[in-house]
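Here is a briefing on one protein chain and its ligand. Look over the sequence and the fold, then read the points below.

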Amino acid sequence: MFWNRKKKTDEESVENTKDIAFDDEIKDVAESEATEYEMTEFEKTEPEKTEPEKTEFEKIEPEMPDVENTDDDIENVSESIEDKIEKTLNANLDEVQEKAEVKKGFFTRLVEGLTKTRNNIVSGIDSIFNGYSSIDDELYEDLEEILIMGDIGIKATEEILESLQAKVKERRIKDPAECKSLLIESIKEQMKIEDTAYRFENEKSVVLVVGVNGVGKTTTVGKLAGKLKSQGRKVVLAAADTFRAAATEQLKEWSNRAGVEMIGANEGADPGAVVFDAIQAAKARNTDVLLCDTAGRLHNKKNLMEELKKINKIIDREFPDAYRETLVVLDGTTGQNALSQAKQFAEVTDITGIVLTKMDGTAKGGIAVAIQSEMGIPVKYIGVGETIDDLQKFDSDTFVNALFDVREEM
Ligand SMILES: Nc1nc2c(ncn2[C@@H]2O[C@H](COP(=O)(O)OP(=O)(O)OP(=O)(O)O)[C@@H](O)[C@H]2O)c(=O)[nH]1
Ligand SMILES: [Mg+2]
């Protein structure tokens, strides 16, 4: 500090700079004495006065003047009320705008991620609706082809088209251009999920997260932990991927990020034993949700599936009262592969939900529709990035709007 000041005042005399340094010294001593002041016992024990919470109305009501009310006083008071009302309204408006921006950010990423799907499906659909002059079998056949090519799958496509045909008939639609909004409506209906889908979030539950390697299991466990923690739930993580050396460390980083505890073991340890320990810890700490990360690759696929069965047995035996949720994580960019992976996991474990990750990448969004319809398993979450906030509950309206880039509802 001294040298800086000297540099700045090159022409100043040495005496002068000495004075400044001396003044600083006095100030430093005074400050350090001030911080050394010891509080008396009474001061230490005196409780802080806590004011009762004011209602929104009380917050904007000004204090009344002591003097008898004159017209001027009344005018001043009413101006002051108006002023405070305006400030409160502006503050609320800022909050609403902030929330809308967060929502828009997520929606925009999803729209970008679904560009490939949109190019495959939606542009084809648009050309059909604009190219036909009447609604006939040929139009439905062309639509069928485009939906199947867009990874929506045969079963879902049939159901969507049946629903579309019924709507066209019921509402006596003649113009193909009017079909588009009906088609969007039908896809949304196809993807609706039950309110009970997220029961595990509010119960004492064990969530097993499975999937092949690299799909985003560990990332999803971390994001879910952050989400549940912010909802006030007590969360513990089990690092049951002991196959890969770095897997436990990776989950540990997520546990730090989310601010939750993790139970893990050394590389090569028995994953079942990790889950066993984590269950005992969860019970001892009265945990709400135990999230178990698992390996995506073992020596072979048979081993992987056997290991999952073993983990399932341990949870059933050690924590029979817990609400069970098994989420299969699928990489949204892999299309039909994702569907066949989900089918393989369904053979060894009762899958209760799907997490589609990397929907911010070049996702094949149609697969979300196909999985839901072919397997009857709902897509419960979608991942749209690599950070802790990039996991969203699946919402059919938002998803289909993003797929068709319908923005008027935003
Ligand atoms: N862009 C994007 N990347 C993601 C998303 N989810 C996960 N990733 C990335 O995908 C890569 C693999 O994620 P992990 O969570 O390690 O996948 P995993 O299934 O645990 O992998 P293994 O443990 O090897 O089986 C990482 O680089 C993640 O950052 C997502 O929603 N969007
Ligand atoms: Mg992992």
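Among contacts between residues at least 6 apart in sequence, what share joins residues at least 24 apart? In the protein chain that share is 74%. Two residues are in contact if their C-beta atoms, placed from the backbone, lie within 7 Å.

This is a predicted model, in which local features need pLDDT of at least 70 and side-chain atom pairs count only at pLDDT 80 or more, while totals for chains, interfaces and linings use all residues. Residues are numbered from 1 along each chain as its sequence is written, and chains are lettered from A and ligands numbered from 1 in the order in which they are written.

**Overall make-up**
- The protein chain has 16 helices and 8 strands. These are DSSP runs numbered from the N terminus (helices: H or I, at least four residues; strands: E, at least two).
- Of its 410 residues, 33% are buried. Buried means 20 or more other C-beta atoms within 10 Å of the residue's own, exposed means 12 or fewer, and partly exposed lies in between.

**Nonpolar core**
- The largest nonpolar core holds 89 residues. Such a core is a set of buried Ala, Val, Leu, Ile, Met, Phe, Trp, Tyr and Cys residues joined through C-beta atoms within 7 Å.
- L237, V275, L291 and C292 touch the most other members.
- Beyond four places in sequence, L237 contacts V221, A225, L251, S255, V260, M262, L291 and D293.

**Ligand 1**
- Around ligand 1 there are 20 residues, each with its C-beta atom, placed from the backbone, within 6 Å.
- G216, T218, T219, G296 and G383 come nearest.
- Helix α10 (residues 217–230) gives the most to this shell, with 3 residues.
- By class, the shell has 3 nonpolar, 11 polar and 6 charged residues. Ala, Val, Leu, Ile, Met, Phe, Trp, Tyr, Cys and Pro count as nonpolar, Asp, Glu, Lys and Arg as charged, and the others, Gly among them, as polar.

**Helices α14 and α15**
- Helix α14 (residues 336–348) packs against helix α15 (residues 366–375) at about 30 degrees, with the axes 10 Å apart.
- From α14, the contact uses A338, L339, A342, K343 and A346; from α15, I367, A370, I371, E374 and M375.
- That contact has 8 nonpolar, no polar and 2 charged residues.

**E201**
- E201 sits in the loop between α9 (179–191) and β1 (205–210).
- E201 counts as partly exposed because it has 19 C-beta neighbours inside 10 Å.
- Beyond four places in sequence, E201 contacts L228 and Q231.
- E201 and L228 are 27 residues apart along the chain, yet their C-alpha atoms are separated by 7.1 Å.

Definitions and conventions. Axes are lines fitted to C-alpha atoms, for helices over the stretch in contact, and angles run from 0 to 180 degrees between N-to-C directions.
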